[in-house]
Amino acid sequence: MVKKMFAAALLASAMMMPVAGGAQTSDIVVVAQKGRVDTAVFGKRPFMRDPRLSPDGTKIAVMLSRDGVDNLAYIDLAKPGNPSTLIAKAEEYREAGDRTMGTWRWVGNRTLLVTLLSRENIFGQRADLRRLVAYDLETGKLMPLAWTDAGADAGTILHIDDEKETILLQRGTFKDGSFSPGPEVVEVDVRTGKYKSVMRPNPEVDSWMVDGKGVIRAAVGSDSKGNQRLMYRSNGSETLKTVSNEKDPTFTQSQIVPEIFLDEPDMAYATSNKDNLRRVYKVDMKTLEIVGPPVFQLSRYDVDGLIADESESELLGVAFTTNKERRKWMDPRLAQIQAFFDEDFGEGNAMITSTNDGDTKLIVRVSETSDPGGYYLYDTESGKMQLLGWTHPILKGAKMNPTESVRYKASDGLEIEAVITYPRHRKSRKNLPVVVMPHGGPYGIRDEEGFGFFPWHQALAELGYVVIQPNYRGSGGYGKDFVKEGRKPNGYGNRMQDDLNDAVTWFGKQGLIDPKRACIMGWSYGGYATARGAQRDGDFWRCAIAGAGVYDFPMMKSYDTNAFGSFGASFQATASDLVDISSARHPEGKWAPILIVAGLRDARIPIEQSRTLVSRLKGAGKKEDIDFRYVEQPKGTHNLPYEDVHIQWLEEAAKWLDRFNPAYVPTDADKPVPVAVTADTK
């Protein structure tokens, strides 16, 4: 019955009014099929982000963009056509006292739980705090939850009881002028704000874990030397006992940590990369022995995480990423629905992102690799599928530049997977200019084929460039051995750089790109790799575009040691010679012309990193606006939260590329395509 009604509903959805208030039928029209999309369009904030259904399926909490600013809102599905109710703006904090919103969760059907992030001045030191507030849909009021005596982090939700309208909250405390040695757990009534202690702080514990009934069953703690301790108990009346205490100098998260406690005594589901790739296992928590074969595994990729059912005591599904983000549903009913989606939209193009209790209503994100896509509400009982809203405020459902994953061989023989975006306006795929775009991180992160929150690859492909995003050694998703390759003493700043160069060489031999027309661009670690490439391989790259990068590693390690301790500071600084891999320590010699962009309010990479690089380039005789250009963004942070800041980054990059490596040259068979869609398009 569902299958028959489903196909008809898909056809009808193109004519339906979106659920989100204020939207027009014309919003559903696919645009930008012809003509070039202006670069600024790709810097726009998503129109809709992370919609979540209430337990009864009557309301949706969602982040909506209005005039370039995020606003948390909720939609009442019982009142179709009514405007969404805006709760509050969610701009990123910059100064002491500023607050923004992080995540949002339902507790019951009349209370929305919101995480607030803020920057404060505590004893003269800048500190980032996390707090919870409850938004009452009936009164429209916000109420702080357990803020009294709260420490830096009072926002970790361990368990939600929708019927009792309570939560278990893990929080640090600050009493009598000092912080607690570990977090406590309190039970909070989200309607009244009253709370009581459930577990006192323990100096050995950094994080508590609970089962589906809200009973604390395990805890994890770590020390300054990197040892990680796992403690466990069978029930709430026992004492926690240490079941493992190991060090992980490779930062590959090799320890087994439970994710779902089963009703079966002492059994849990966990993920482990004990055999290189991360897989799902059933584990005996008393012995940490794996029971039976893997519950779920992939042949070439890691599992990302587990999805628990409503009781939080059984495995509902598994999240993983191959060429794009996917879900494997263990629940037969959801698995059947997913099969219908795959048949109608193409495998992996529709993903269930939220459900109500009973899974009768689903929010589904539908998108191909070349379009931003949108969110739909699907009623499993009626088969009706209705557009909630597009992800992108201008592009909507437009098909943009095609993307695929290709594996190439690095010069030492290691196989590397790269995401390739092809410029849709070029007449052929031969000898094209290229931009190599290394992702941030670097460890544990990877690029995949989705349109993404920051579609820089699409912005540059729209200009006429092939964009290559190599998942260089050290990237996540390919097993811990692949991560370790990047963490070797010759990895950071050397072999990882070779992987980027090797992509140009390999794809040049395939005839796709012209290796002599190659630039490199990246943010965060990608900014570091860009500057390192400009400095180390100045003759290889036509130009470089570096954002929010680390350029002096001894200086950065000192900063990280103060912030994360000596062991934590080693997460990034893995090279045997930190001076050798620091571009700012080698300003002389041949550099590729480099654009340097930095946010003044970047809390992760201090502005001194970029200023130091600029100062040393000048000291070495490099000329500003000839050999380099420096753009310092007064409102900029590490996460590019503002539209104008994000657009400036993309437009400055486009101008730098056009100056040193234009997408079209006189010998090309094709010419630039006129702009047809701008950021002012309504």
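Tutor: **A core residue and its surroundings**

Leaving aside residues up to four places away in sequence, Ile594 touches Ala531, Ala534, Ala544, Ala546, Leu617, Asp627, Phe628, Arg629 and Trp656. A contact here means heavy atoms within 4.5 Å. The model is predicted, so local features need pLDDT of at least 70 and side-chain atom pairs count only at pLDDT 80 or more, whereas totals for chains, interfaces and linings use all residues. Residues are numbered from 1 along each chain as its sequence is written, and side-chain values use heavy atoms, with hydrogens and water left out.

Ile594 belongs to the largest nonpolar core, which has 68 residues; together with Ile420, Ile468, Tyr492 and Phe507, it is among those with the most contacts inside that core. Helix 5 gives the most to this core, with six residues. A nonpolar core is a set of buried Ala, Val, Leu, Ile, Met, Phe, Trp, Tyr and Cys residues joined through side-chain atoms within 4.5 Å. Buried means under 20% relative accessible area, exposed means over 50%, and partly exposed lies in between (1.4 Å probe, protein chains only). A second, separate core of 42 residues includes Trp456, Leu595, Val645 and Leu657. In soluble globular proteins, nonpolar side chains tend to be buried together.

Eight strands form an open sheet of mixed pairing, in the order 31-32-34-33-35-36-37-38. Its edges are strand 31 (403-409) and strand 38 (628-633), each of which pairs on one side only. From one strand to the next the twist averages 20°. Helices (H or I, at least four residues) and strands (E, at least two) are DSSP runs, numbered from the N terminus, and two strands pair if DSSP finds at least two bridges between them. Val419 has Gln469 in strand 34 as its bridge partner.

Two helices pack on this sheet. Helix 5 (residues 491-509) touches strand 31, strand 32, strand 33 (432-436), strand 34 and strand 35 (513-523), and its direction makes about 100° with that of strand 31. Helix 9 (residues 643-660) touches strand 33, strand 35, strand 36 (543-547), strand 37 (594-599) and strand 38, and its direction makes about 165° with that of strand 36. For these angles, axes are lines fitted to C-alpha atoms, for helices over the stretch in contact, and angles run from 0 to 180 degrees between N-to-C directions.

The structure holds one disulfide, a term for a pair of cysteine sulfur atoms within 2.5 Å. This disulfide joins Cys519 to Cys543, with 2.2 Å from S to S, and it is right-handed, with 120° about the S-S bond. Because Cys519 lies in strand 35 and Cys543 in strand 36, the pair ties together parts that are 24 residues apart in sequence. Cys519 counts as buried, at 0% relative accessibility, and Cys543 is buried with a relative accessible area of 0%.

Helix 9 also meets another helix. The axes of helix 3 (residues 456-463) and helix 9 come within 11 Å and cross at roughly 35°. This crossing is right-handed; a crossing is left-handed if the near helix is turned anticlockwise from the far one by less than a right angle, and right-handed if clockwise. Trp456, Leu460 and Leu463 in helix 3 meet His646, Trp649, Leu650, Ala654 and Leu657 in helix 9. Helix 3 is mostly covered, with eight of its eight residues buried; among them are His457, Gln458 and Glu462. Gly464 follows helix 3 and has a positive phi, near 120°.

One further residue deserves a look. Ser610 is placed in helix 8 (residues 607-619). It is buried, with a relative accessible area of 2%. Not counting residues up to four places away in sequence, Ser610 touches Tyr551, Ile596, Ala598 and Tyr630.
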